[in-house]
Amino acid sequence: MKVPAAGPSRTAFVTAADDLADRVLSALRGAENAPFLARHVEQAPDRGAALAAVRLVGADVFVPHLLAGFPLDGQDAAAVTRSLAVFPQEAVIAGAGDAGSAVAWRDWAVAELLTRFDGGRPAVPPGEEPAEDPAATGWRPWCARMAGLSPLAIAGLDGPVHQAARCGALPLSRGAARSMLRRDYLTAVRLIRWLAWLHHDGVPLPLDLEAALDHAVLLGGHGPRTALDIAVAERLLGRPDDAHRRR
Amino acid sequence: MTGCAPVAETARRLCDRALSWLHAHRELDTLPSTSDLGDPDSVYKPLGETTLAASLVVRDGTAGPGRRAAARSLLDFTWAQMRGGDLLYERLLQHTLLTDPAETYAHFVRAGYRHPRLDELLAHQVRLRSVRAVELIPDRKLAVANAHRIIGLDDDADWDALIRATWLGGLPEPWAIDWMTAYQMTHTVFHSTDWGALPYRLPADLTAYLHDWLPVWIDIWREIRQWDLVAELLVVGACLEEPYCDPDDWRALAEIQHEDGFVPRDGDPIDENPVQRFKDHQHTVVVTAVAGTIAAARASAGRS
Amino acid sequence: MLAQREIAGIGVGTDAADIGALMVEPETAISDAPVFTPNGALLLLAAVLLSPKGPKSR
């Protein structure tokens, strides 16, 4: 896939997404109160970048609501809806090269959770693209797709992508092992998060997931968005909050 | 799964070319006339490896007349280098606890060569508690046990226990493998299955484990062009009870093989000097020949 | 509150495309898969246990 050179807004978006992921993590750990999302965007030095961050973090902004019983405030819901309106799907997909379906599925997850918590459904096209089948796609390209869909791997969310994942325990495990061996821990953690979702769903796995997660965390679990993937994976595995285990 | 059948043609061509390169360059690997080997890694080990490759061609019997003739000629050459087995015999006379004379001899025995005094000495050696207790790492113990089996020596090897003692036998985390351990793993499979002849001797759980993870290992080392290790991993796949042979991997190996059969060990620049070139890459050519032979044999066994 | 404050100066087209690219950022292009290294563990053992320096053959 052709990746255009990082422009100034791109760098700003990455920083903003890290800031937002930090905020979500802190909400997950009970250190925030509603409306933390709206407040975060409102107080950001670059509000456009903060809204872009909401798009980038995607369904993961609802991690505190899904996993820690955090109430969804109307203003928080409005902030998410606004991000979808400011950066509409068709314009976002234009930058995703041949991985446009990943954008559609991530947006599907956001819309799905907004509906659940807020009752309203924003104007987002439904994720109608068929989920890719690991056997037909081949484990390696399929894992590349699934790594991009890691925000969908959360307890309470289920759909065609999750159904495909249920048939892909071995392919996902291979992908995670491969990324670990390449020392690409960012990708590894995303795939491990999917494996943790499968474990939570009762699917038997061909590898020791706890050891793999610990290894990835100790050797390369850096950055707030990776920390968010890790926190979700830990909870899917039924482990105590990572904050207690780490310095 | 279709086993090795889809790669049979590629495998045969890889082996044909590799053998012809080994044959054409055999004079670059000759032993000094003294009994002192000096550094055994320099000449003696490559001779053993070439012998292995040729012995498998003879054993598996699926090769055409050209390849069989090349293999026979190579075996005659390496046997002559070993002075008809005297070198192995004298080496064992001098060093009772060494295992490499038996390991090297086994490749010759596989192809029908015998040295009666070495047979007699080995039969004595293998009975010694001292020899049985020599401290070898587990995959080397399997190498010795397999050599003894081929020569016809009874060493009471407990195959299952020997296999379980290896890295592979521990069903390890597949993402925690390193380069050297990967080689040890391949040798566990080579010796347990006697280079694909006894695939069922690898316990079913280990075979299943390899089906799960070989694709990953081949992928990561193919990506960084570690061709020598990739070729060994292809051998592992071909040795399994239900062989794992992905045509795309085999095509990749075929693509890096030169017209004359040469296969580079990795993606680094190749030395122009023929002696250095042989030294650096002979092992990879041997492994390629072995991979091709075993896969072709498994493919034709699957057909019958 | 956000609704009242228009986000000024966002070039929606290119910025949205940037978001798309970041959403599907690919894996690392360069692998750091294991290669040969003189076996650190064995060297350490040799140093600690004062093993004799053996022949190079394995």
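Me: Which residues of helix 11 of chain B meet helix 12 of chain B?

Reply: Contact means heavy atoms within 4.5 Å, and helices (H or I, at least four residues) are DSSP runs numbered from the N terminus. In helix 11 of chain B, L210(B), L214(B), W217(B), I218(B), W221(B) and R222(B) meet W227(B), L229(B), V230(B), L233(B), L234(B), V236(B) and G237(B) of helix 12 of chain B. These residues divide into 11 nonpolar, one polar and one charged; Ala, Val, Leu, Ile, Met, Phe, Trp, Tyr, Cys and Pro count as nonpolar, Asp, Glu, Lys and Arg as charged, and the others, Gly among them, as polar. This is a predicted model, in which local features need pLDDT of at least 70 and side-chain atom pairs pLDDT 80 or more, while totals for chains, interfaces and linings use all residues. Residues are numbered from 1 along each chain as written, chains are lettered from A and ligands numbered from 1 in written order, and side-chain values use heavy atoms, without hydrogens and water.

Me: At what angle do helix 11 and helix 12 of chain B pack?

Reply: Axes are lines fitted to C-alpha atoms, for helices over the stretch in contact, and angles run from 0 to 180 degrees between N-to-C directions. Helix 11 (residues 204–223) and helix 12 (residues 227–239) of chain B pack at about 160 degrees, with their axes 9 Å apart. Helix 11 of chain B is therefore roughly antiparallel to helix 12 of chain B, since angles under 35 degrees count as roughly parallel, over 145 as roughly antiparallel, 65 to 115 as roughly perpendicular and the rest as oblique. The crossing of helix 11 and helix 12 of chain B is left-handed, a term for a near helix turned anticlockwise from the far one by less than a right angle (right-handed if clockwise).

Me: How do helix 8 and helix 10 of chain B cross?

Reply: The axes of helix 8 (residues 138–151) and helix 10 (residues 179–192) of chain B come within 9 Å and cross at roughly 20 degrees. That makes helix 8 of chain B roughly parallel to helix 10 of chain B. The residues of this contact comprise two nonpolar, six polar and one charged.

Me: How is an interface read, and what area is buried between chain A and chain C?

Reply: The size of an interface is often given as the accessible area lost when the parts come together. Buried area is that loss (1.4 Å probe), summed over both parts. Between chain A and chain C about 3,000 Å² is buried, of which carbon and sulfur atoms give 65%, and 41 residues of chain A are in contact with 27 residues of chain C. Between chain A and chain B the buried area is about 1,300 Å², with 69% from carbon and sulfur atoms.

Me: How many salt bridges lie across the interface of chain A and chain C?

Reply: A salt bridge is a side-chain nitrogen of Lys or Arg within 4 Å of a carboxyl oxygen of Asp or Glu. The interface of chain A and chain C has five, including R190(A) with E25(C) at 3.3 Å, N to O. D18(C) and R10(A) also form a salt bridge, at 3.1 Å; the pair runs from helix 1 (residues 12–23) of chain C to helix 1 (residues 8–28) of chain A. Between chain A and chain B the count is three.

Me: Where does a cis peptide bond occur?

Reply: Most residues other than glycine have a negative phi, and most peptide bonds are trans. A34(A) and P35(A) are joined by a cis peptide bond, with omega about 0 degrees. R183(A) has a positive phi, near 60 degrees.

Terms used:
Helices (H or I, at least four residues) and strands (E, at least two) are DSSP runs, numbered from the N terminus. Buried area is the accessible area (1.4 Å probe) that two parts lose on being put together, summed over both.
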